[in-house]
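Please read it alongside the sequence and the coordinates.

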Amino acid sequence: MKKRGWLVLGLAAAVFLTLAFGAKAQAWTEFRSGDSATVKSNETVDSSFWAAAKNLDIAGTVNGDVFCAGQTVNISGIVKGDLICGAQTINLSGHIEGDVRLGAQTVNLTGMVDRNATIAAETLNADSKSRIGGDLSLAASSASLNGSIGRDLAAGGSSVYLNGSIGRDVKSGGDKLILGSNAKVSGSIDYTSKNKIEMANGAFVSGDIKHHQPQEKHHSALRLLFFSGATAGFVALMLLITALVVTALLPKVLNRVSQQGMERPGMSLLVGFGANIAVPIIIFMLVLTIVGIPLAIILLLMWLLINLSSGIFSAFWLGRRVWKTQHNAFLVTLTGSMILILLYFIPIISIFALVLACWLGEGMLLLELKNRLPKPDYRLK
């Protein structure tokens, strides 16, 4: 499709979505972006709140969920729903009445979370005033937990320092687990580490403390080849049957699409690689506009279909490359599929095989669609 066609289609879709969903979208959520975004202390957002800004400051009240992304995020207000946020630095000193899911380089927690918290960070600092009402699931290089956790703590990281209260059990996997003098665990501790737990005077654990040494993983040659046993065999059989069924229904389509890879393998890989970068960005930008969410869903479904079918086209192409004298479509598909399946089950190599097959299949299909799609004619007869 030419640029003019895409432009007209995009404008038409934008106008339609604005007219059809614009008013409702405004009621569903509020979106703010820019170099900085703020919810002032005397402000109330009576809906879900989306924000993407370099600096974000939420000091007011949000009567819904908060979805945010930025460099520095400060939340000192009240969020009635869930908080889902990704940033370089997150400072949470406010009150979250729902669940919290955070991903950041540094998380500083001094506020309250009424329900559960899931945090992935390089550094987590939770001071003595912090409180999590439910469970804390944590993945951090370094974590200092000085506040209270209402139920369970599940932590993984290089160093976990616990100097607060845990309402139930602790499960840890990492290098070091340290209990400070104010640590109080009402349940048991189950940890896996090469190092023994360090407990300061005054630390209290109500239940048992179980220490497990990390087990060395030994893989036989057969297990390296078929790493998931019966499950992997079932998945392989499912993929093979799918490829053969598609071949039975669309042999000419497979042949035409794979011809793009036969003639232009480098361009096919390049197109597939570029599409994998561009399409997710386009979908994300459409979602951010709110009115473009329906179009984003359509594009996402189309992209999933292309991704799921990419392996079939790559298998057919590989079969043609390996068995150049074979003209039976079923045998070509079977040959290429078996080679790909074997590559998928070899550690490390499987990653490269999967990525290259995905890029190649997507690129071949997109190039063929470009050639086959009719030129749009906007003249009415």
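Two strands are taken to pair if DSSP finds at least two bridges between them, and the elements themselves are DSSP runs numbered from the N terminus, helices being H or I runs of at least four residues and strands being E runs of at least two. This is a predicted model, in which local features need pLDDT of at least 70 and side-chain atom pairs count only at pLDDT 80 or more, while totals for chains, interfaces and linings use all residues. Residues are numbered from 1 along each chain as its sequence is written, and side-chain values use heavy atoms, with hydrogens and water left out.

The chain holds eight helices and 22 strands. Of its 381 residues, 36% are buried, where buried means under 20% relative accessible area, exposed over 50% and partly exposed in between, with a 1.4 Å probe and protein chains only. If contact means heavy atoms within 4.5 Å, then among contacts between residues at least 6 apart in sequence, 20% join residues at least 24 apart.

An open sheet of 10 strands runs in the order S2-S4-S6-S8-S10-S12-S14-S16-S18-S21, with parallel pairing. Its edges are strand S2 (44-45) and strand S21 (204-205), each of which pairs on one side only. Some of the parallel strand pairs in the chain are listed below, and the bridge partners follow.

| Strand | Partner strand | Bridges |
|---|---|---|
| S4 (residues 61-62) | S6 (residues 78-79) | two |
| S7 (residues 83-92) | S9 (residues 100-109) | nine |
| S9 | S11 (residues 117-126) | nine |

Val62 stands opposite Val79 in S6, Cys85 has Leu102 in S9 as its bridge partner, and Gly103 stands opposite Ala120 in S11.

Cys85 also takes part in a disulfide with Cys68, at an S to S distance of 2.2 Å. With a disulfide defined as a pair of cysteine sulfur atoms within 2.5 Å, the count comes to one. The bond links distant parts of the chain, with Cys68 in strand S5 (residues 66-75) and Cys85 in strand S7, 17 residues apart. The torsion about the S-S bond of Cys68 and Cys85 is about -125°, so the disulfide is left-handed. Cys68 is buried, with a relative accessible area of 7%, and Cys85 is buried as well, at 6%.

Grid points are joined across faces, edges and corners, and a volume is the space filled by probe spheres set on the points. A search of the whole structure finds one cavity of 30 Å³ or more, and the largest cavity has a volume of about 60 Å³. Its lining consists of Leu109, Ala126, Ser130, Arg131, Ile132, Leu136, Leu145, Asn146, Gly147, Ser148 and Ile149. Strand S12 (131-132), strand S13 (136-145) and strand S14 (148-149) are the elements that give two or more residues to this lining.

One of the lining residues is Arg131, which is found in strand S12. Arg131 is partly exposed, with a relative accessible area of 30%. Leaving aside residues up to four places away in sequence, Arg131 touches Gly111, Met112, Val113, Asp114 and Ser148. Arg131 and Thr110 lie 7.8 Å apart in space, C-alpha to C-alpha, and 21 residues apart in sequence.

Definitions and conventions
On a 1 Å grid over the protein atoms alone, a cavity is a set of points where a 1.4 Å probe fits but cannot get out, and a pocket is an open set with protein on both sides within 12 Å along at least five of seven lines; lining residues have an atom within 4 Å of a point.
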